[in-house]
Amino acid sequence: MNTTTTVRYRPDQNNYPHPDTPRRNNMFHYYQQPGYRQAVDEEHRPDFPFVCTLEFTNHCNLKCAFCARQVMSRPLGCLDEDLLCRMMDEFAEHGAFVKVNGYGENLLHPQALDFIRRIKRTNGLYFTTNGMLIDDQAAACFVESDLDVLQVSFQGVDRESYESQRIGGSYDRLLANIDRLVGIRGDHPYPFIHLSTTILDETPEQIEAFIESAFEHGVDCVGVGRTDYDRVIAEMITEPKQKRRIDEFRSRQTLEKVPDHTYLYRYSDINWNGVVVTSFFDFNEFMPVGDMKTQTMREIWNHSPVLGAMRVLERRGVLSGVQEVLEALETLRQAGSAHNLPVFDTFYHAWKLGEKSYNT
Ligand SMILES: C[S@@+](CC[C@H](N)C(=O)[O-])C[C@H]1O[C@@H](n2cnc3c(N)ncnc32)[C@H](O)[C@@H]1O
Ligand code: SF4
C-alpha cells in the first residue's frame, strides 16, 4: 500500500483509515447495524450483549504510566480453557462479537493462539495487544485464523512519547513486529491492522507525521484518542517518583470528558477468572455483576441486580465522574461488602440521587 494523500488531523476525528486499504474493519461494520446503534437505553437493550470482552490474562510485560493496572490489586492469572470453551458455546449461539482486551498483555497467555483459533471458529474477533510479542508464529495465527481486527497499541506520536509512557516497551521492536506481520499477511484480507494511539498535547503536525508513517508501515487504520491519566486513581499511588511522573503527564492532558454509559446496553466485560464487571473502567472488580464460572451470560446480562441498578442510575443521569465512583466505592468499603446490603440502596445513596424522583 502506498500513501496517496496527505492526512489532515482533525481533533473531532478519531479514526484515519488508509485511503487505499483493500481491507474491511468487520468490527466497525458490526457497529453500523441498526440494533447496535439504537441500543442506548433500556428500551432498546438486546437480551444478549452485542460485544463480549474477554481478558485472557492480567499479567503484563509493560508498566505503562497511564494504565490503571498500576493500582490493580486483584489476583493475577490466566483464563482457563474449559471456561473459554463453555463461554464460546454460548456466545456462538448469539453471534456476539468477541473483543479481547482487559488489564494485561493477552499474548502472554500460554494458549493465546489456540484461544484465538477457537474464538474465530464461530465468532468475530477484535484482539488488542501492545505488540511486543508478535513473532512469526503469532503473525501466522492472526492471518490463518482470519482474525478480524488486530489492535496494536502505540502511545503518543514518536519514540520519545512512546517509550516515556509505555515503560519497558521498545519503539523499534514494535515497528519491526508490525513490519513482520504485514510481510506475513501479504495480500491476505485479514487481519485488519488498527494502530491505536492516545495523545496528550501533541501538535497536529506531529500527529499527521505519525499517521503518514504508520501508513508507510502498512497498517490499515490509525486511531487517535486522548490519554486519561485520571484512570490511575491518584490517591492509590504512594511512590513519590511515580506520582510525580503521572502528575507531569496529567498536566498535559487534553481529554474532554463526555459522559457515555451506552456500554451498559451493548457490552459485557469478563475478567480472566470469569468475573463479569460493569465496564472496562472497573479495573479491580470493585463491583462484580456476575460470574461466568457458575452463570450464563444471558442470566447475568438480564438478571444481575447490580447491572440493573447501574442501568437505573444511568437513566437518572448520575453515573458520571470519578468523584461519584470513588464515593460509591467508599460506601461499599464501609459496608464491608456490597453483597451485605440491598444492592440498589447502596448505589442509590452512593451516587447521591438527591431529591430527584423518577419512575424506574
Ligand atoms: C489496557 S490495554 C490492554 C491490552 C494491551 N496490553 C495493550 O496495551 O494494548 C487496552 C487499551 O487501553 C488503553 N488504555 C489504557 N489505559 C488508558 C488510559 N488511561 N487512557 C487512554 N487509553 C488507555 C491502552 O492504550 C490500550 O490501547
Ligand atoms: S496499557 Fe496494556 S501494556 Fe500497558 S500496562 Fe496496561 S495492560 Fe499492560
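**View 1. D146, a residue with positive phi in the loop between α5 and β5 (149–153).** D146 is partly exposed because 14 other C-beta atoms lie within 10 Å of its own; a residue is buried with 20 or more such atoms, exposed with 12 or fewer, and partly exposed in between, the C-beta atoms being placed from the backbone. Its phi is positive, about 60°, although D146 is not a glycine. This is a predicted model, in which local features need pLDDT of at least 70 and side-chain atom pairs count only at pLDDT 80 or more, while totals for chains, interfaces and linings use all residues. Residues are numbered from 1 along each chain as its sequence is written, and chains are lettered from A and ligands numbered from 1 in the order in which they are written.

**View 2. E285 in the loop between β9 (275–277) and β10 (288–291).** E285 is not a glycine, yet its phi is positive at about 55°. The residue counts as partly exposed, with 16 C-beta neighbours inside 10 Å. The protein has 14 helices and ten strands; these are DSSP runs numbered from the N terminus, helices being H or I of at least four residues and strands E of at least two.

View 3. F142 is buried, with 27 other C-beta atoms within 10 Å. Apart from neighbours within four places in sequence, F142 is in contact with L147, L150, L181 and P191, where contact means that the C-beta atoms of two residues, placed from the backbone, lie within 7 Å. L113 is 29 residues from F142 in sequence, and their C-alpha atoms are 8.2 Å apart. P191 belongs to the loop between α7 (171–185) and β6 (192–199), and the peptide bond from Y190 to P191 is cis, with omega near 0°.

**View 4. The buried side of helix α4 (residues 112–122).** A112, F115, I116, I119 and K120 are the buried residues of α4. They lie on the same side of α4 because they cover an arc of only 130° around the axis, the arc being that of the directions from the helix axis to the C-beta atoms. Among the elements that cover these residues are α3 (81–94), β3 (97–100), β4 (125–129) and α5 (136–144).

**View 5. Packing of α3 against α4.** The two axes come within 9 Å and cross at roughly 20°; axes are lines fitted to C-alpha atoms, for helices over the stretch in contact, and angles run from 0 to 180 degrees between N-to-C directions. The crossing angle makes α3 roughly parallel to α4, a term for angles under 35 degrees. On the α3 side, L84, C85, M88 and A92 meet F115, R118, I119 and T122 of α4. By class, this contact of α3 with α4 has six nonpolar, one polar and one charged residues; Ala, Val, Leu, Ile, Met, Phe, Trp, Tyr, Cys and Pro count as nonpolar, Asp, Glu, Lys and Arg as charged, and the others, Gly among them, as polar.

**View 6. Packing of α4 against α5.** The axes of α4 and α5 are 10 Å apart, at an angle of about 5°, and the two helices are therefore roughly parallel to each other. L113, I116 and R117 of α4 make the contact with Q137, A138 and C141 of α5. Four nonpolar, one polar and one charged residues form the contact of α4 with α5.

Note on methods:
Parallel < 35°, antiparallel > 145°, perpendicular 65-115°, else oblique.
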